[in-house]
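Here's a quick briefing to read with the model open next to you. Have a look at the fold, then go through the points below.

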Amino acid sequence: MELVGVDPTYVPAVRKRKSVLAIYARFQGESIHRAIYLEQLAVSDLAGKLAQRLEMPTGPVVEVVRRTKKGVTVRVDDSVVAQLEDEQDMEVEWAFSDESGALTLCLHY
């Protein structure tokens, strides 16, 4: 049996990475939110994607914290990221240390 109209040189496209969570982040000093797509429910992925959007140098993100509406500061870990709702909106503040090159992210949602 011979197939007609099949291109023997066709190479199927590689599947793009699928995101598992979308968040909308508004950075300090900006008036519009940006879409951030996480590929893993991990604080390392969240911190990396936020730092990438901030176009910060690739120094280490030392800490990611959440400040609640009541003013409570909570350290963000993988379980906190796993509890985020898809399309969660948040405000992101950051502090960058010129001395150590470390970045601290504070999430408000």
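Which residue forms a salt bridge with Arg34? The partner is Glu30, and the closest N and O atoms of the pair are 2.6 Å apart. A salt bridge here is a side-chain nitrogen of Lys or Arg within 4 Å of a carboxyl oxygen of Asp or Glu.

Before going on, note that this is a predicted model, where local features need pLDDT of at least 70, side-chain atom pairs count only at pLDDT 80 or more, and totals for chains, interfaces and linings use all residues. Residues are numbered from 1 along each chain as its sequence is written, and side-chain values use heavy atoms, with hydrogens and water left out.

**The sheet**

- Six strands make up an open sheet with mixed pairing, in the order β2-β1-β5-β6-β3-β4. Strands are DSSP runs of E with at least two residues, helices are runs of H or I with at least four, and both are numbered from the N terminus. Two strands pair if DSSP finds at least two bridges between them.
- The edges belong to β2 (34-38) and β4 (73-75): each has a single partner strand, so one side of each is left without a neighbour in the sheet.
- On average, neighbouring strands of this sheet are turned by 35° against each other, direction ignored. Axes for such angles are lines fitted to C-alpha atoms, for helices over the stretch in contact, and the general rule is angles from 0 to 180 degrees between N-to-C directions.
- As background, strands of a sheet pair through backbone hydrogen bonds, either parallel or antiparallel.

**Around β3**

- β3 (residues 61-67) runs antiparallel to β4, with three bridges joining them. β3 is also joined to β6, this time by six bridges and in parallel.
- On the β4 side, Arg67 has Thr73 as its bridge partner, and Val65 stands opposite Arg75.
- On the β6 side, Arg67 stands opposite His108.
- β3 and β4 form a hairpin with five residues between them, and Gly71 in the turn has a positive phi of about 90°.

**Helix α1**

- Helix α1 (residues 43-54) packs on the sheet, where it touches β1, β2, β3, β5 (88-96) and β6 (103-108). Contact means heavy atoms within 4.5 Å. The direction of α1 makes about 145° with that of β2.
- The buried residues of α1 are Asp45, Leu46, Ala47, Lys49, Leu50, Ala51 and Leu54. Buried means under 20% relative accessible area, exposed over 50%, and partly exposed in between (1.4 Å probe, protein chains only).
- Their cover includes β1, β2, β3, α2 (78-82), β5 and β6.

**Lys49 and its partners**

- Lys49 is found in helix α1 and counts as buried, at 16% relative accessibility.
- Leaving aside residues up to four places away in sequence, Lys49 touches Ile36, Tyr37, Leu38 and Glu39.
- The Lys49 side chain also reaches the backbone oxygen of Tyr37 at 3.1 Å.
- Lys49 forms a salt bridge with Glu39, the closest N and O atoms being 3.7 Å apart. Lys49 lies in α1 and Glu39 in the loop between β2 and α1, so the pair ties together parts that are 10 residues apart in sequence. Glu39 is partly exposed, at 30% relative accessibility.
- Asp45 and Lys49 meet in a salt bridge too, at 3.3 Å from N to O. Both lie in helix α1, four residues apart, about one turn of the helix. Asp45 is buried, with a relative accessible area of 13%.
- Salt bridges that share partners join Glu39, Asp45 and Lys49 into one network.

**Other salt-bridge details**

- The count of salt bridges comes to five.
- Back at the opening pair, Glu30 is partly exposed, with a relative accessible area of 28%, and Arg34 is partly exposed as well, at 25%.

**Val14**

- Val14 sits in the segment before β1 (21-27) and counts as exposed, at 76% relative accessibility.
- Val14 and Arg53 are 39 residues apart in sequence and 25 Å apart in space, C-alpha to C-alpha.

Definitions and conventions:
Polar contact = N/O pair within 3.5 Å; in protein donor to acceptor, adjacent residues only side chain to side chain.
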